Structure formats: structure tokens, C-alpha cells
Amino acid sequence: MFVRQNFQNKNLWQESLKEHTAFKPLKTSVTSDIAIIGGGYTGCSAALFAVNNGLSVTLIDQKIGYGGSGRNVGLVNAGLWLPPEKVEKILGVDAGSKLNNALAKTPDLVFDLIDKYDIKCSANRSGTLHCAHSQNGLKDIQKRYQQLSTRGAELELLDKQQTNQRIGSSKFFGALFNKSAGAINPLDYCQGLARAAHSQGASIYESTLAKKIESGNNHWMVKTSQGSIKAKMLLIATNAYQQPITGIKSSEYTSVQYFQVATEPLPEKISKMILPNGEGCWDTASVMSSFRLDESNRFIIGGVGNLDHIASKIHTKWAKRKMESLFPMLKNIPIKYSWHGRIAMTNSHIPKIVKLGDNAYSIYGYSGRGIGPGTYFGKAVAECLLNNNEDYLPVSPVNDNQELFRSIKSKAFELGATARHLL
């Protein structure tokens, strides 16, 4: 068996971390313009843009990048999982176009921040490949190519032979190449954003969770176990990792688990045969999988699945079989790391901005694509609060969001992935 206890739940991103940030707990009462709960991409981006525009910022979390931001695949893609026509159908043409246009250039935003603040996150802007796993998958990426190209995206539609040459595997029928996208160490990127925000004057506290939120006299009061924050503005950016907070309604979404496994660095002879240009990949299967190399040529592959239940070895065994099926040269390469994280999935697969009251928002529901959208939504909400103008927001805020049958759907995702991974 390839599964050994010494690497279960060992996160590669934590093991290879370069941006080592550490902040003290909040043990006093502080006052600032904006209180941010959540130290992922959205919260750290909002903190950075808010403090750079003259707002005083206090951000709290258990640990920067503790949630999905530190467990991400690390692909910096434009847009959402949904094709643009679907977004416009759900939101309406005007609102859908606004969101599509806003997220089309998010790789530029992310890589510009990496360059500006010298974030050490193994950034590789070699592009990404959306890989057709079947003839139906090929039809899907052909439609996406047409829809995205007419909206100004610079993409290449690769045939089977071109895809084989780029990936080093003959298992795909074609691929959609986005040269503006890329791959990063996602935890390093998140901690780098936090470091940048702190260097510009943001106050950041770890080992600090919000316990209670109150509002009154044009202020918000966030109470923690040992301190409090009084602020004119409030952002909750916990996505799929929100703990219960007295005084506000919990975010509603379907929790979907996504896991990854990774090898030790591959021998040079083998690594040169796999993704020689360094693209990050994901496929068109209904139970999606992703794969890439990191900067040390570790092979990483992932899919929908939870590694914490009794049948979780089904997922890791599938990953080993999948890896060897795509790249037979990896047959004798052992797995070293495995980890998983939660995705906040909304019914529409479109992120939600919930208005909690005056100058207060909760943002969640990236549905599996958090790096670019999370960074942009954080920037946008900072600009919205700074200018008191919701036109800056990429989607219109709602006063409430209900997601029915969340628990049932979450179990169905896991059951479906487990069944598929048995095959």
C-alpha cells in the first residue's frame, strides 16, 4: 500500500513555506476604521487595499491562511468555474457582464501584487490548461473557448496532439490554454498579502476568533475571548471556515471537500517528461481532478473528497492510480503528502456578498476558485467601504442568502466522489 500514516494530513504548502508570518493574539480593546474577520485571500486583500487608502485596519483569525487559502490547489485563473454565458444567464446580461469583466483580469491583479510586494510564493506564470477528459469534455472547452474569446480573452484551443506534447500524457482529447494564468504556493501568497498589509500599517492578530458582534451608535463591536474591536466598518471573510459568532447569522453554503496528494521531488529525467512548461491543469470530468508540479518538481494531484472519514483511503488510492494512468513513468514514485480543505459552494456557483448592516458585509462562496476572485473581492469591498458606494462591488449585495438542503448536498458530493474513486 502506498498510504502510510506518517504523511496523512501533511500539507505540502505548510512544509514548503517561505513567507513565515506570525502575529500575537488580541488581548486588549482597540479601535479602527474597519474590522476584518478572516485572514484568507479576501480578508488580507481587503486589509492591504484599505490600509493603502488611508483606513486603519484590524484583522483577526486563528491563523493567516488557516482555511481554504492554505489548502488550495494554487492555480491562478481568470473568471469563475462557470462559463461566461452561464454567469450572464444567472445574473442577467448587465450584472453578469460586470462580474465577468471584473474577474477576467484577476491573474494580472494577483501577479502584480506578488511583484509589487515581493511575495515569495513560487509564482510561475506559465499558464493553465483546462483538459478535456472525453469527447463531451472537448465540446465543453470548445464552447468555453468561443464564449471567452468573443469577450476578449486570449486563449489557445489545443488539439489532442498539442495537448499530449504540452502535458506529457495521451489521456486527453484537447485542452484550453490560458497563457495569462499560472500557479503559486497558495499559502505563501496568502501570508505574503498579510505581511504586505502589516508592513503598510494594518494591525493583524492570530489565535483570535470573533465570539460576538454587536452594532450601535454607527459602530460595530467585535468581541473576542480576550479583547474587542470597535470599528465603523466590518468585513467577514471566513468563507468555508466560519465559526459560530453570536449576533450574526451564519453563512449558508454547501461544504465540499477537496483533497490533494503530492510526491517528493521527481528525478530530473522524469520531471522533464511531465508538463515541461510548468502549466497547472484541471479536467472537465463531473468529479473534477487537478494536477501540477511545484517549483521543486513534486507532482501534485487532487480531487473532490474528504480524507477524514473511514473510507478516505479510497480517495488516496484513486489518486495513486490516476497519477500512474496519466503518467506511467510515475508508477514507482511514492506519495509523501496528503491534505484536504473545505470549499464553500453556493447553489449558483457565484460568490455572495451579504449586507449585514450599515458598512458591513460578509463575502463567501467562491465555489472552488478563490485566489483571483478572492483577491479581487477583497479589493472591491475595501473600495466600496472607502467610498461608501456599492457600485464598486462586483456583484450586488443581498440582505440574506438561503441555501437549502446544504447538509444533504454535502453528503451527496462526498458519496459521489467516493463511489467514482472506487472505479
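## Strands around β15

Strand β12 (residues 254–265) pairs with β15 in the antiparallel sense over six bridges. Helices (H or I, at least four residues) and strands (E, at least two) are DSSP runs, numbered from the N terminus, and two strands pair if DSSP finds at least two bridges between them. Val 261 stands opposite Ile 301 in β15.

Strand β14 (residues 289–293) also pairs with β15 in the antiparallel sense, over five bridges. Here Arg 292 is opposite Ile 300 in β15. β14 and β15 form a hairpin with four residues between them, and Asn 297 in the turn has a positive phi of about 65 degrees.

Is β15 mostly covered or mostly open? Strand β15 (residues 298–304) is mostly covered, with seven of its seven residues buried. Buried means under 20% relative accessible area, exposed over 50%, and partly exposed in between (1.4 Å probe, protein chains only).

## The whole protein

The model is predicted: local features need pLDDT of at least 70 and side-chain atom pairs count only at pLDDT 80 or more, while totals for chains, interfaces and linings use all residues. Residues are numbered from 1 along each chain as its sequence is written, and side-chain values use heavy atoms, with hydrogens and water left out.

The secondary structure of the protein comes to twelve helices and 18 strands. Along its principal axes the C-alpha trace spans about 65 × 50 × 45 Å. Of the 423 residues, 57% count as buried.

Contact means heavy atoms within 4.5 Å. Among contacts in the protein with a separation of 6 or more, 75% come from residues 24 or more positions apart.
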